[in-house]
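Subject: Structure handover

Hello,

Here is the structure I promised to pass on. Please open it first, then read my notes below.

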Amino acid sequence: MSLMQNGISRLEARVEQLVEGTFARLFADRLHPREVALQLARAMEDGATSTDDGARRAPEHYCVHLNPQDALALLEAEPDLEERLGGELIALARDGGLTMARRPEVTLVPDASLAPRAISVDARAPASPSGGDTLASTPIAPMTTQLESAPDAFLIVDGQRHVALNQPVVTIGRRLDNTLVLNDSRVSRTHAQIRQRYGRWVVFDLGSRGGTQVNKQPITECVLRPGDVISLAGVTLIYAEEERPPSANGGEIGGTRPLAA
């Protein structure tokens, strides 16, 4: 089992299902199914907001920007595409532990600045429901209880310096405005990012020149586990987690317990 599969979350599992199923049928000849699924999932995650009761609510309006020729071809082939994408977003929200106050709206936007087969997704924060045929009175609830927060973690740099992951998003690179600045010519100006994602820490390569590896395996994104060795074009970081006390049922909270797939 690969690093990605070993730490895959329910949301990531849903993305894989979309890539292999619905999205493969809808987009295979016109767009990259994986890129469509990832763009939608990331827009949902990045646009999520916290509610007074501690839940996380997904955005309700998604603008899918496409090259004009792609947008026209897709709508001609699938006139109800926007509606179908809205249904898939409900499933994404449930598997990601997010709620929705109404059915999400998806709008395809022709964008001449995008190359053929390219896609960009913008998500708007939830608005107050007002009339119409909405799901406001019966919110779309997550399949499970709220996922636990990401564990207290840190990076070991140069084998001795400890850098706490004390922000939801940590950027790494040579540029001085990065959260973690690495003054090494092998490292790109903005090389990688480590961020909280549904109870885990995930490392993303940001299109760096020298690439990012975890335990000697090239990655574009990877759920991290204690002891993982991250290599940024040869510059080594070690991911570690603080120990947490046992929970009431005798298991561990966070730590090394794998997420349900």
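Contact here means heavy atoms within 4.5 Å. With that cut-off, Leu40 touches Phe23, Val64, Leu85, Leu89, Leu92 and Val121, leaving aside residues up to four places away in sequence. Please keep in mind that this is a predicted model.

**The cores**

Leu40 also matters for the next point. The largest nonpolar core has 33 residues, and Phe23, Phe27, Leu40, Met44 and Tyr62 touch the most other members. Several elements give two or more residues to this core: α2 (10-20), α3 (22-27), α4 (33-47), β3, α5 (68-77), α6 (81-95), β4 and β5. The most comes from α4, with seven residues. There is also a second, separate core of 24 residues. Among its members are Ile172, Leu180, Cys222 and Tyr239.

**Helix α6**

An α-helix has 3.6 residues a turn, so residues three or four places apart point the same way. After α6 comes Gly97, with a positive phi near 75 degrees.

**Strand β3**

How many of the six residues of strand β3 are buried? Six of the six, so β3 (residues 61-66) is largely enclosed by the rest of the structure. In a regular strand the side chains alternate between the two faces of the sheet. In β3, His61, Cys63 and His65 point one way. Tyr62, Val64 and Leu66 point the other way.

β3 has these partners:

- Strand β4 (residues 105-110) pairs with β3 in the parallel sense, over six bridges. Here Leu66 stands opposite Pro110.
- Strand β5 (residues 119-124) pairs with β3 in the antiparallel sense, over six bridges. Here Cys63 has Asp122 as its bridge partner.

**Strand β11**

Strand β11 (residues 200-205) also has six of its six residues buried, so the rest of the structure largely encloses it. Both faces are covered. Arg200, Val202 and Phe204 lie on one side of β11, with Trp201, Val203 and Asp205 on the other.

Its pairings are as follows:

- Strand β10 (residues 192-197) runs antiparallel to β11, over six bridges. Arg195 has Val202 in β11 as its bridge partner.
- Strand β14 (residues 221-223) is joined to β11 by three bridges, again antiparallel. In β14, Val223 is the bridge partner of Val202.

**The open sheet**

Which strands form the open sheet of six, and in what order? The order is β7-β6-β16-β15-β12-β13, with antiparallel pairing. β7 (161-164) and β13 (217-219) stand at the edges. Each has a single partner strand, so one side of each is left without a neighbour in the sheet. From one strand to the next, the twist averages 30 degrees.

Within this sheet, look at β15 (residues 229-232) and β16 (residues 235-241). They pair in the antiparallel sense over four bridges. Leu232 stands opposite Val235 in β16.

Best wishes

How values were computed. Residues are numbered from 1 along each chain as its sequence is written. This is a predicted model: local features need pLDDT of at least 70, side-chain atom pairs count only at pLDDT 80 or more; totals for chains, interfaces and linings use all residues. Side-chain values use heavy atoms; hydrogens and water are left out. Two strands pair if DSSP finds at least two bridges between them. Axes are lines fitted to C-alpha atoms, for helices over the stretch in contact, and angles run from 0 to 180 degrees between N-to-C directions. Buried means under 20% relative accessible area, exposed over 50%, partly exposed in between (1.4 Å probe, protein chains only). A nonpolar core is a set of buried Ala, Val, Leu, Ile, Met, Phe, Trp, Tyr and Cys residues joined through side-chain atoms within 4.5 Å.
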